[in-house]
Amino acid sequence: MKSEEIKFGTDGWRGIISEDFTMDRVRIATQGVSNYIKKKCGDKKPVIAIGYDSRFISDRFAAAAADIFSLNDISVILSSKITPTPAVSTIVVNRGADLGVMITASHNPYHYNGYKIKGSFGGSATMDIITEIEKEVAAVNEDPQKYESLSGRGRSKAENIAIEDFSDEYSSHSLKQIDIDIIKGFDFGLLFEPMYGASQEIFNNIFLKLGPKKLIKIHSELNPGFGSINPEPIGDNLNEAISLLKEKGCEFGICLDGDGDRIGALGEGGNYISSHHIFAIVLRDLAVRRGLKGRVIKTVTTSSIIDRICDKNGLELEVTPVGFKYIGGKILEGNVLMGGEESGGLWSYGNIPERDGMIMGLKLLEIICREGKSANQILEDIYEEYGYFDFQRTDYKIEMEQKQRLIELLESGIPQIFKDEGVEEVITIDGYKYPIDEFNWVMIRPSGTEAVVRIYSEGDSNESSVRLQGLGKKIMNMIMDS
């Protein structure tokens, strides 16, 4: 019997556990992936690495996927325990695997799970790979009964499955990305917030190798319900971490999402250091201290401070739609110095083409230790040279019919409310972005798959960004009240 369509969105297929994301649907998806990779590999026996996060029965979903791959005569390297996404990507590259599969819903709420696919290069599968996989999954979904691998549960070919711990290989890889001697024995207090996620053990062990004087951890135990937080390092999700940082007198905090590939940070006063700030800190270090050149890739919703750093240092900047897969595609083309997105996914020169919150955290530590300044002091230096910025984002849930009316309004021309601000053009990369000047802009981005509209704004002060959010809200109210 045919089930609902399985689609791989911005970063994989996700759904509500037991409703959309079930064992049977994981098996169907895996059979589709099997068909794709066997056609691609021809006479060669494919190899696939599989990992899983700390969510409810992620290990069992991963085991089910491993079983289906094994029945299709595909060699599987299955993680022996909870592991972050970047560790799976590292195994894919180190072992020459043809694909990677990570069972995770990343930063989504506890009742979701998901299925990420990594290319042989270690990064998010590119659109050409995803398009072919979706075709194969759809064909399996039309008539799953015809596949022997789906005819019974709990079956596998054990000889095709190797169960291994990915920790040591990832730790070795990540420590090669930094100057260990600069960081070793750092003498300031560090807070580590893994948000009950998959990075809690492996990144803690990496920290211990660096010999910190004071390491404070929070939400660093198994809790598939994620306590009172969502595993996304933003906003109110970090309130408990901020309180503990202040209580323990820590100077810096590293906060990672549920599968360890996105990062946020905390300054010594508990102030939030966003992915935009982290992007700016690391890019400035690469361009100014190290004098490196190359392309810089950012998504359209990322801060314009990146534009100013690129302009002042003679770096070529490219802007992509939202989603790290677009950045990953650019990295594969070569000559990229750094890439990043507003939602916390960052990559820099020297790493495999995959966002990695843990490596970004280590790079921040290295920069702080090298400069002998706090993160906040480094940001003050950046503001002085490139200008201050404040970024805001608000998500609105609306009816699909309202979303369509909004799109029709924005397609008809620049709204008068933005013209009054001096807006003369609209940038239509993945939404509708209205630049006022090099420091101030507002963007309206209807989701392609959900009844959600996101309003982004950036200003040269908090007052400016909040006011621009208010203009976006007036547009939304006009649509929702009509």
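Strands are DSSP runs of E with at least two residues, helices are runs of H or I with at least four, and both are numbered from the N terminus. The model is predicted: local features need pLDDT of at least 70, side-chain atom pairs count only at pLDDT 80 or more, and totals for chains, interfaces and linings use all residues. Residues are numbered from 1 along each chain as its sequence is written, and side-chain values use heavy atoms, without hydrogens and water.

**View A. Ile297 in strand β12.** Strand β12 covers residues 295-299 and includes Ile297. Ile297 has 0% relative accessibility, so it counts as buried (under 20% relative accessible area; exposed is over 50%, partly exposed in between; 1.4 Å probe, protein chains only). Beyond its neighbours within four places in sequence, Ile297 is in contact with Phe279, Glu318, Thr320, Ile327, Lys330, Val336, Met338, Gly339 and Gly340. Contact means heavy atoms within 4.5 Å. Tyr326 is 29 residues from Ile297 along the chain, with 9.1 Å between their C-alpha atoms.

**View B. Helix α3 against helix α5.** Helix α3 (residues 85-95) packs on helix α5 (residues 167-175) at about 90°, with the axes 9 Å apart. Axes are lines fitted to C-alpha atoms, for helices over the stretch in contact, and angles run from 0 to 180 degrees between N-to-C directions. The pair α3 and α5 is therefore roughly perpendicular (65 to 115 degrees; under 35 is roughly parallel, over 145 roughly antiparallel, the rest oblique). From α3, Pro86, Ala87, Thr90, Ile91, Asn94 and Arg95 meet Glu169, Tyr170 and His173 of α5. By class, the residues of this contact are four nonpolar, three polar and two charged. Nonpolar covers Ala, Val, Leu, Ile, Met, Phe, Trp, Tyr, Cys and Pro; charged covers Asp, Glu, Lys and Arg; the others, Gly among them, are polar.

View C. The structure holds two cavities of 30 Å³ or more. A cavity is a set of points, on a 1 Å grid over the protein atoms alone, where a 1.4 Å probe fits but cannot get out; lining residues have an atom within 4 Å of a point. Points are joined across faces, edges and corners, and volume is the space filled by probe spheres set on them. The largest cavity holds about 70 Å³. Eleven residues line it, and Asp11, Gly12, Ile117, Ala125 and Ile130 are the closest to its centre. Four lining residues are nonpolar, four polar and three charged.

**View D. The second largest cavity.** Its volume is about 40 Å³. The lining consists of Phe252, Ala265, Ile273, Ile281, Leu364, Ile367, Ile368, Ala375 and Ile378. Nine of these are nonpolar, with no polar and no charged residues. Helix α12 gives the largest share, three residues.

Note on methods:
On a 1 Å grid over the protein atoms alone, a cavity is a set of points where a 1.4 Å probe fits but cannot get out, and a pocket is an open set with protein on both sides within 12 Å along at least five of seven lines; lining residues have an atom within 4 Å of a point.
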